[in-house]
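Please walk through this model with the viewer open.

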Amino acid sequence: MSLQGSASGNGTVAAASTASLRLRLNPNKEHKPDGYEDMQLDFSPNIFSSLERYLPPSMLNVTRDEKAKFMREILLKYLPLGERNRAQKHREYRERIIANYQPLHLELYSVDPATFFVPTFLRAINDNTEQSYRSIVSEPFPGIFIFDIFQTHFCELLLSEIENFEKWVTETKFRIMHPNTMNKFGAVLDDFGLETMLDKLMEGFIRPLSRVFFAEVGGSTLDSHHGFVVEYGKDRDVDLGFHVDDSEVTLNVCLGKQFSGGELFFRGVRCEKHVNTGSHSEVVVHF
């Protein structure tokens with residue numbers, strides 16, 4: 001959905017110049033912000049909901065579209081010109097996909113905990129205690145946690161949706177962006193409509209765990225994500241070299257059917273000065 005200011009209202013957004021865009025210094029804690037999950041935005045919907053509490057009083061009662069446009073202009077001010085152009089092009093790219101791609105499994109596009117998650121994980125989330133989370137995980141190496149999360153049926157539906165999207169890409173000859181610079185096969189889930197689902201997954205089901213296990217790196221304040229799948233196999237990518245994820249927390253999920261191989265290696269924690277240095281054998285873990 002394109003973000004356009006409403007023709008009705010007080011015209012604040014239309015009249016405001018970039019230089020006049022200002023936020024409050026302190027948040028309005030009594031204000032209940034809108035949800036932005038159903039809107040196509042340049043930034044995570046969670047950022048807009050958090051930022052809304054800092055809007056000036058005159059902006060709190062305007063339409064949601066007007067508030068989103070006002071906040072978007074503020075956020076874009078702090079991006080270099082090249083990044084602003086890239087964000088705009090990416091938004092237009094997503095809009096083209098979503099306007100033309102017909103989803104196969106609509107139930108995937110919202111979170112249904114009862115059909116998404118295994119019972120043990122769901123009980124831990126509902127209990128919402130450190131003890132409940134520690135009861136479902138194992139920690140084979142400091143900072144690496146293993147746990148069951150998704151039901152098999154959910155994984156099957158997600159794979160089916162991805163295959164349907166790839167079929168559409170082939171038939172329409174639509175040129176898609178790859179998940180990263182290292183993979184030539186796969187898809188970015190956010191780009192074909194699953195962004196809202198992933199936002200809810202992160203906010204309601206991953207952030208509670210990361211708050212407990214990754215508090216020192218900001219696990220309690222996760223507000224954005226990059227959700228994607230990659231494909232390995234014959235005539236696909238065959239491996240992925242050593243790299244450091246640009247994220248505070250990474251969730252790896254195996255969605256494969258029947259296969260051999262697929263080992264996952266961890267080579268220890270890196271600081272900014274030693275991102276590409278070698279690793280000692282005692283810090284290498286593989287699964």
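**From the inside out**

Leucine 41 is buried, at 6% relative accessibility. Buried means under 20% relative accessible area, exposed means over 50%, and partly exposed lies in between, with a 1.4 Å probe and protein chains only. Leucine 41 sits in the loop between α1 (12-15) and α2 (45-52). Helices here are DSSP runs of H or I with at least four residues, strands are runs of E with at least two, and both are numbered from the N terminus.

A word on the ground rules. This is a predicted model, in which local features need pLDDT of at least 70, side-chain atom pairs count only at pLDDT 80 or more, and totals for chains, interfaces and linings use all residues. Residues are numbered from 1 along each chain as its sequence is written, and side-chain values use heavy atoms, with hydrogens and water left out.

What does the side chain of arginine 94 meet in a salt bridge? The partner is aspartate 191, at 2.6 Å from N to O. A salt bridge is a side-chain nitrogen of Lys or Arg within 4 Å of a carboxyl oxygen of Asp or Glu. This pair links distant parts of the chain, 97 residues apart: arginine 94 is in helix α4 (residues 81-100), and aspartate 191 is in the loop between β3 (186-188) and α9 (195-213). Aspartate 191 is buried, with a relative accessible area of 2%. Side chains of opposite charge can pair when their charged atoms come close.

Helices α4 and α9 also meet the reader again at a pocket. Each supplies at least two residues of the lining of the second largest pocket. That lining includes Ile97, Ile98, Phe192, Gly193, Glu195 and Thr196. Glu37, Asp38 and Gln40 are also among the lining residues. The space in this pocket is about 180 Å³. The search uses a 1 Å grid over the protein atoms alone; a pocket is an open set of points where a 1.4 Å probe fits, with protein on both sides within 12 Å along at least five of seven lines, and lining residues have an atom within 4 Å of a point. The volume is the space filled by probe spheres set on the points, which are joined across faces, edges and corners.

Other charged pairs follow. The whole structure holds 10 salt bridges. Helix α9 contains both glutamate 203 and arginine 207, 4 residues apart, about one turn of the helix. Their salt bridge has its closest N and O atoms 3.7 Å apart. Glutamate 203 is partly exposed, at 35% relative accessible area. Glutamate 231 and arginine 236 form another salt bridge, at 3.6 Å from N to O. Both partners are partly exposed: glutamate 231 at 23%, arginine 236 at 35%. A network of salt bridges links Asp34, Glu52 and Lys67.

Next, the backbone. Most residues other than glycine have a negative phi. Aspartate 235 has a positive phi, near 60 degrees. Its place is the loop between β4 and β5, and aspartate 235 is exposed, at 60% relative accessibility. Lysine 173 also has a positive phi, near 55 degrees. Lysine 173 lies in the loop between α8 (152-172) and β3 and is exposed at 73%.

The loop between β4 (228-230) and β5 also holds tyrosine 232. Tyrosine 232 is partly exposed, at 41%. With Met182 and Leu240, Tyr232 forms a nonpolar patch on the surface, with about 250 Å² of accessible area together. Such a patch takes residues with over 30% relative accessible area and no salt bridge, and joins nonpolar side chains (Val, Leu, Ile, Met, Phe, Trp, Tyr) within 5 Å, or like charges within 9 Å. Areas come from the Shrake-Rupley method with a 1.4 Å probe; for residues, only the protein chains shown count as cover.

Finally, the whole chain. The secondary structure has 9 helices and 6 strands. Of the 287 residues, 36% are buried. The accessible surface comes to about 17600 Å², with 52% belonging to carbon and sulfur atoms.
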